[in-house]
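Here are some questions and answers for a reader who is new to this structure.

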Amino acid sequence: MKVGTIWHNGLIYTLEQENETVQAVLTEKGKIIDAGSPEYLRNVHQARITREIDLKGTTMIPGLVDSHMHLVGHGERIMRLDISQMKSREEVLEAVAQKCEATPKGEWIVAEGWNENEWTNPELILRDELDGISTEHPLILKRICRHAMVVNTRALLESEISTDIKEPSGGVIGRYKNGKLNGLFKENPAMEFITSKLPGITQAYVEAALRTAIKDCYRLGLTGGHTEDLNYYNGFQSTYDAFVSVIEREGLTFRANLLVHHEVMDDMRKGGYKYGAGTAFAVFDGMKVFADGSLGGNTALLSKPYADNPGTQGVATFTQEELYALVKKARSHEMPVAVHAIGDLAFEYVLNAIEKLPPRKGLRDRLIHAQIMRKDLLDRARLLPVIFDIQPGFVPSDFPWVEEKVGKTYMEFSYAWRTYLEMGIPCAGGSDAPIELANPLLGIHAAVTRMKPSDPERTIYGEEQRLSMYEAVSLYTKGSAFAIGCENRRGQIRKGFDADFTILETDIFSKSTDALLDNKAVMTVINDQVVFQGEETSILIKKL
């Protein structure tokens, strides 16, 4: 039966080698069958070609994949009040007040993404100010890193939290000088006192968030994402069922690799699942562990005190012995680990555990973020079967304030993407959406320029660590494929590989780097199926 598609008349970058292009590609039943000139493909494969796609001068690359995101959370961000781009505390307070006016009394209001480092006045918004806006709505304002939140008195009452609450291990509960709770909660063990009381986290809600997120990913040219959601929305099975319902039953095709939070590992096993199992498009990945918190909240674990707060070195989510036990648990199920480690001391703890308990041959552990680093840690990491799961967008978000927060002596090997690659440490690129925007072109721009997109001064933060366009795009294609052991079937336009493509309006390799900010996906293709086509694109699809 003839089901082949020929793609031609555009710039088609294979990414096998830098600047390598082909004139045309033939796909069939989700796979790349052949590549070459249109004439060659028609002569050799004429009997199987039933569809022709004229790219009309657009640029095709392997499908872009976000190696670290929270897909449900990304959908929630779109559905909720987004305060991530606001530049002052006054603007945030006004937006929350307007939301309260438009929301029935008694309903919870969740605002996503405050970032005091981008405000003209970085003083935090706390409980009393939120009470000044509303005592009739439970209010939650989540920090952009999602490692901190602030709530009002009504939210504390609804969560049955009193002044004498005890601070949990690995969490921080803020107080005013008089001992009264100030509404600030840091890290999951503390934040769960609030989030566990949130109403409305139904199956329908999670499915709506997934639908919203996947459609937005299509628009951004993303063909897949490595996502961590299974511990936050009514438990493991309910959340996994939502993925299956939306991706498989509803047909919103998206390649979702599901990191499994260590707290739901037993639920996964009870359900009869294991690493690498799942469905065609929703696959169980490594065991997710948090080794520390965030830089913005001063909870990333450093080996030295914070320069801007010498009284703390951050928060160790687990002791070294507890980390050993968690990694051992993953190994007992023949799973790799995917560990959130931002601070250098947290990273050291993780390396100790991996060196003591390496994965079985063929598996790779994932070290997520890898921001504040030391040379000795890199020398150790390069010898291990690990991949650094980096977020280039953290450079424009975190600089210049991060230098003042941790001290400049830390910076030589921190956020050092080029150094990591030159040392032979494989890297994958992601956004950490909803913490950052999910647009992969913004991440690529950050990796290539190391500048804030709207900075009139065009300040470069670590010029020697800038990547080439090829290296940056490879993070989101070959790198993301390598992170999940799929480097022999994804990440390149190559015979036998999956037919996943991102088709961009203009050529990202020949234009100026700033042109990335105006470029956009005009078509997204997953498993040989067009899942998104921009309204203004001139691409022609012709059945033969």
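Q: How do the residues that line the second largest cavity divide by class?
A: This is a predicted model, in which local features need pLDDT of at least 70 and side-chain atom pairs count only at pLDDT 80 or more, while totals for chains, interfaces and linings use all residues. Residues are numbered from 1 along each chain as its sequence is written, and side-chain values use heavy atoms, with hydrogens and water left out. A cavity is a set of points on a 1 Å grid over the protein atoms alone where a 1.4 Å probe fits but cannot get out, and its lining residues have an atom within 4 Å of a point. With Ala, Val, Leu, Ile, Met, Phe, Trp, Tyr, Cys and Pro counted as nonpolar, Asp, Glu, Lys and Arg as charged, and the others, Gly among them, as polar, the lining divides into three nonpolar, one polar and four charged residues.

Q: Which residues line the second largest cavity?
A: This cavity holds about 40 Å³ of space, where a volume is the space filled by probe spheres set on grid points joined across faces, edges and corners. Its lining is made by R77, E112, G113, R143, I144, R146, P434 and I435.

Q: Which residues are the closest to the centre of the largest cavity?
A: The largest cavity has a volume of about 140 Å³. Of the 18 residues that line this cavity, the closest to its centre are G63, V65, T223, R490 and D500.

Q: Is L437 buried or exposed, or partly exposed?
A: Buried means under 20% relative accessible area and exposed over 50%, with partly exposed in between (1.4 Å probe, protein chains only). Because its relative accessible area is 40%, L437 is partly exposed.

Methods
On a 1 Å grid over the protein atoms alone, a cavity is a set of points where a 1.4 Å probe fits but cannot get out, and a pocket is an open set with protein on both sides within 12 Å along at least five of seven lines; lining residues have an atom within 4 Å of a point.
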